[in-house]
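Colleague: Please go through this model with me, starting from the strands and ending with the surface charges.

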Amino acid sequence: MSLLDTRVPAVVLRIDRNPFHHGTLGAVRSLGRAGVDVHVVADCAGSPVARSRFVRRLHAPPSPDASADEVLAVLRRVAAQVGRPAVLVPMDDATAIATARLREELTGSYLLPVMPSALPERVADKAELAAVCASAGLPHPRTEVPDTPARAGEDALRLGLPVVAKWSRPWLLPAGSGLRSTQVLHTAREARELHARTAEAGSPLLLQAFLPPGADRDWFFHGYADRTGTVRAGGPPQAPVLPRGAGLTAVGRWTPNSEVTALAERVTGELGYRGILDLDFRRCGATGRYHLLDFNPRPGAQFRLFTDSAGLDVVRALHADLTGRPLPDGDPVTGRAFVVENYAPLAALRPAPGGRELAWWAGDDRVPGLAMWALWARHVSGRLRRRLGAAAEVPAQRPAPRAVTPSLTTDNEKASS
């Protein structure tokens, strides 16, 4: 018996417009290599994903601000074109939330995990997650949700500067606003000014106690909770290497950590969660406790790192479980590496004891890797031209002396998308 039931196609769904989302390509390749017909519902205009030989067909996605009814209409149109029930693989928070809410309407056309329809939205909402952790007794940074700008400044001082600021529902942030899902604030004034943009952000601002980063403190866990609630595939977790400013895990190695694995199993068990999950943890240097920072109800972009000795990853586990196939018991591949080569080109050349997979380049699917470098060159040169143009518009004069404002960093931020 093959690992996956190749009679059942898969539909990979993403609303986010990021052309460099390598997780989408990872899902396409993982399922396509197993013999599954893969349909992609995403904006792939100019994206290397469109060039993969494992894409069966591309479909136009819903708009980034689509309503549930609009998402349903698109998925029904795609289902009619696919012509048979398919496993649905949401690749971002917005689609994971929408499809969970629409599960009953999608039954008959798509296969989805069975769980409370509001649960993905509850765990993806960062303010709700704080309440979930509190009720379950799970370690989580102290969190405040101020209701006014003045209260935001007070809460920042009460928590102790610096503080981490997060928008509760980052998938609602408008494109081009300059608002970031997570950032570190160093003054109460910054907290007040950021809170004043709440209406623009589309969701509440929350402030969290800052847990300092450090060696061996940041961990994430990818897994799949099957129909029985057992967490399979993906774990144990891995300590990521985050290039400053990249906002994602560009280099990662699979490193077992039984304590984080136990926490992941505990939180999914407490919630009755089913399906793919991507959890972010940070260990407190003072107490040694691991705090759950984020719960993403979909695959993380680097999920292919956790491909075990049986060839199982979280996307394949989803397909196998929903089609009634047994999930093989593979072993962790300790030392396996995953590299996003446009962010870490030198790391792509280094050997890894457990093997290494690149996000874009693959010997059996070469065109996306070549297309990525061409697109990346245009992206970088475009940003450089914009910066030079902005600098040229500044009058050449001696600036007045002023205080130095600490730059904002994303020390508590990891990508998930």
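**Strands, salt bridges and charged patches**

Modeller: In the sheet, Ala86 has Tyr110 of strand S5 as its bridge partner. This is a predicted model, in which local features need pLDDT of at least 70, side-chain atom pairs count only at pLDDT 80 or more, and totals for chains, interfaces and linings use all residues. Residues are numbered from 1 along each chain as its sequence is written, and side-chain values use heavy atoms, with hydrogens and water left out.

Colleague: Which strands stand at the edges of the open sheet?

Modeller: The open sheet has five strands with parallel pairing, in the order S3-S2-S1-S4-S5. Each edge strand has a single partner strand, so one side of each is left without a neighbour in the sheet; the two are S3 (55-59) and S5 (110-111).

Colleague: How many salt bridges does the count come to?

Modeller: A salt bridge is a side-chain nitrogen of Lys or Arg within 4 Å of a carboxyl oxygen of Asp or Glu. By this rule the count is 24.

Colleague: Is Glu121 buried or exposed?

Modeller: The side chain of Glu121 forms a salt bridge with that of Arg101, at 2.8 Å from N to O. The pair links distant parts of the chain, 20 residues apart, with Glu121 in helix H5 (residues 119-124) and Arg101 in helix H3 (residues 93-101). Relative accessible area sets the classes: under 20% is buried, over 50% exposed and in between partly exposed, with a 1.4 Å probe and protein chains only. Arg101 is partly exposed at 44%, while Glu121, at 14%, is buried.

Colleague: How many residues apart are Asp294 and Lys126?

Modeller: The side chains of Asp294 and Lys126 meet in a salt bridge of 2.5 Å, N to O. Asp294 belongs to strand S15 (residues 290-296) and Lys126 to helix H6 (residues 126-136), so the pair links distant parts of the chain, and the separation is 168 residues.

Colleague: What relative accessibility does Arg336 have?

Modeller: Arg336 is joined by a salt bridge to Glu357 (2.6 Å, N to O). Glu357 is buried, with a relative accessible area of 15%. Arg336 also counts as buried, because its relative accessibility is 11%.

Colleague: Which helices give two or more residues to the negative patch?

Modeller: Patches are made of residues with over 30% relative accessible area and no salt bridge; like charges are joined within 9 Å, and nonpolar side chains (Val, Leu, Ile, Met, Phe, Trp, Tyr) within 5 Å. The negative surface patch is formed by Asp65, Asp69, Glu70, Glu104 and Glu105. The helices that give two or more residues to the negative patch are H2 (68-82) and H4 (103-106).

Colleague: Is Arg386 buried or exposed?

Modeller: Arg386 gathers with Arg383, Arg385 and Arg387 in a surface patch of positive charge. The place of Arg386 is in helix H12 (residues 366-392). At 57% relative accessibility, Arg386 counts as exposed.

Note on methods
Accessible areas come from the Shrake-Rupley method with a 1.4 Å probe; for residues, only the protein chains shown count as cover. Lys and Arg count as positive and Asp and Glu as negative; His and the chain ends are not counted. The place of a charge is taken as NZ of Lys, CZ of Arg, CG of Asp or CD of Glu. Helices (H or I, at least four residues) and strands (E, at least two) are DSSP runs, numbered from the N terminus. Two strands pair if DSSP finds at least two bridges between them.
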